[in-house]
Amino acid sequence: LANTGAVAICGPGGIGKTAVADMVFALCLARSKAGSGPSTTGAEHPADSLVFTYLIRVTAKPSEIDRMAFDRVEVVTENGQIRSLQHLLQRIADVLERKEHLAGPIDKRLISLRKLILEHARPMDGRRRPMLLMIDNCEEFDAQTMKSITDFVDGIDRNDLAVIFTSRLPTSSAPTVHMTPLMRVDAQQVV
């Protein structure tokens with residue numbers, strides 16, 4: 001994740017893909033809350049750069065919503081069922097509190113949301129505010145929806161938006177960690 005800005009964790013159901021992704025998410029959350037990041041002399045390790053202003057976790061499976069905010073880091077665990085690119089765009093606009101970017105045809109909304117993420121990630125004050133997006137259970141999406149979602153996130157610079165996907169099948173152009181039932185994956189390896 002630190003080297004590429006995106007990772008897909010794939011493997012059979014029930015082997016811990018979500019658990020590993022949640023551990024990576026938690027590591028990034030802890031770093032973000034602490035404000036740790038690269039030193040002025042350069043990062044000791046690529047993972048030192050994993051500090052985010054916004055962390056969003058969405059899943060394709062239904063469950064509850066939990067939202068919390070602190071300091072300059074907002075964490076949204078949005079476990080409402082995401083069934084389309086439009087639902088994902090809505091969640092991002094909700095987090096950034098900019099729903100006006102959802103007006104018009106889909107092409108206009110995509111461009112508008114990409115610009116909005118860029119504005120948040122690279123504000124005029126020069127302080128980077130990247131976003132981490134975790135999309136869990138991607139196998140629940142139909143092929144066209146998954147393509148729309150990956151096309152959208154692939155169109156955003158990985159310095160502005162980092163992405164973690166989990167799925168039973170490879171779903172994106174992101175580097176993939178293939179989990180097997182007998183494999184133990186440490187979140188530090190994914191970071």
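Colleague: In which strand is Thr59 found?
Modeller: Thr59 is found in strand β2. Strands (E, at least two residues) and helices (H or I, at least four) are DSSP runs, numbered from the N terminus. This is a predicted model, in which local features need pLDDT of at least 70 and side-chain atom pairs count only at pLDDT 80 or more, while totals for chains, interfaces and linings use all residues. Residues are numbered from 1 along each chain as its sequence is written, and side-chain values use heavy atoms, with hydrogens and water left out.

Colleague: Why does Thr59 count as buried?
Modeller: Thr59 counts as buried because its relative accessibility is 5%. Buried means under 20% relative accessible area, exposed over 50%, and partly exposed in between (1.4 Å probe, protein chains only).

Colleague: And with which side chain does the Thr59 side chain make a polar contact?
Modeller: The partner is the side chain of Asn137, at 2.7 Å. A polar contact is a pair of N or O atoms within 3.5 Å; within protein, one must be able to donate a hydrogen and the other to accept it, and residues adjacent in sequence count only if both atoms are side-chain atoms.

Colleague: Turning to the largest nonpolar core, which residues touch the most other members?
Modeller: Ile92, Ile135, Phe152 and Phe165 do, in a core of 34 residues. Such a core is a set of buried Ala, Val, Leu, Ile, Met, Phe, Trp, Tyr and Cys residues joined through side-chain atoms within 4.5 Å.

Colleague: Which element gives the largest share of this core?
Modeller: Helix α2 does, with 6 residues.

Colleague: How do α2 and α3 lie relative to each other, and what angle do their axes make?
Modeller: Their axes come within 11 Å and cross at roughly 35°. Axes are lines fitted to C-alpha atoms, for helices over the stretch in contact, and angles run from 0 to 180 degrees between N-to-C directions. Contact (heavy atoms within 4.5 Å) involves residues including Leu89 and Ile92 of α2 and Leu110 and Leu113 of α3.

Colleague: Changing topic, where is confidence lowest and where highest?
Modeller: Strand β3 (residues 65–70) is lowest, at a mean pLDDT of 40, and β1 is highest, at 91. pLDDT is the predictor's confidence in each residue, from 0 to 100. The protein averages 75, and 76% of the residues score at least 70.

Colleague: Over which residues does pLDDT stay under 50 with 32 contacts beyond four places in sequence?
Modeller: That stretch is residues 64–74. Where pLDDT is low, the predicted coordinates should not be read in detail.
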